[in-house]
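Thank you all for coming; I would like to take a few minutes to walk through one model with you. Please have the sequence and the structure open while I talk.

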Amino acid sequence: MSEHSAAYIKRDRLRFTKNKASSSLILAAIAANALYFVSIYRTDVGSYYYKMFIGLSIVYNLVFMLVAFLCSEGVKNYKVGYAYTSIVLGALQVGRIFYLPREAHETQSTVVGTEHLTVMQDDQFNYVVILLCISAALLIIAGVIGIMKTTTLKNHQAEIDND
């Protein structure tokens, strides 16, 4: 089998298979986000987390996971718009580092019976930042793979249609 025919078969195979790589990466990003979500909301340091922005953060997390799951299904079926959405979600995950985790890490809270405590200790801060970075990287990689595979499939389909 020549190198050309092997490449042709590889491209042609895309017509009959799903983009499981991108889909799986997005599902892993959702799992990393869920671990972030649990780490943040199980913390109880004073009344810091009992504010309106935490409610909005919870709603954002739920919407994020729903949209990411939709992207997972979309990229699986070679829909390029979902790949771009996945990249945007990845960028938003990076942006989230500078909102809740950073603010909580820099804020002191008074808890009854103790002195001032940092709302988010260093180890938890590092943990949630790593989770957000992992989630972001997985989403961006999934989006790039999705764009590449979708473009390859569309070009191959056009080549077949022209023959």
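Predicted model: local features only at pLDDT ≥ 70, side-chain atom pairs only at ≥ 80, totals over all residues.

Let me begin with the buried residues of α3, which are F53, I54, S57, N61, F64, M65, A68, C71, S72, G74 and V75; buried here means under 20% relative accessible area, exposed means over 50%, and partly exposed is in between, with a 1.4 Å probe and protein chains only. Residues are numbered from 1 along each chain as its sequence is written, and side-chain values use heavy atoms, with hydrogens and water left out.

Helix α3 covers residues 52-76, and its 25 residues should span 36 Å at 1.5 Å a residue, which agrees with the 36 Å between its end C-alpha atoms; the expected span is 1.5 Å times one less than the number of residues. Among the elements that cover the buried residues of α3 are α2 (20-41), α4 (80-97), α5 (100-106) and α6 (122-162). Just after α3, Y78 takes a positive phi of about 60°.

Turning to helix α2, we find N33 there, and N33 counts as buried because its relative accessibility is 0%. Leaving aside neighbours within four places in sequence, N33 is in contact (heavy atoms within 4.5 Å) with N61, F64, M65, Q93, R96, L132 and S135. With Q93 there is also a polar contact, side chain to side chain, at 3.2 Å; such a contact is a pair of N or O atoms within 3.5 Å, where within protein one must be able to donate a hydrogen and the other to accept it, and where residues adjacent in sequence count only if both atoms are side-chain atoms.

What about the cysteines? If a disulfide is a pair of cysteine sulfur atoms within 2.5 Å, the count comes to zero. The sulfur of C71 is 19 Å from the closest cysteine sulfur, in C133, and therefore too far for a bond. C71 is buried, at 1% relative accessibility, whereas C133 is partly exposed, with a relative accessible area of 38%.

Finally, E106 lies in helix α5 and counts as exposed, at 53% relative accessibility. E106 and Q121 are 15 residues apart in sequence, and their C-alpha atoms are 9.2 Å apart in space.

Methods:
Helix = DSSP H or I, 4+ residues; strand = E, 2+ residues; numbered from the N terminus.
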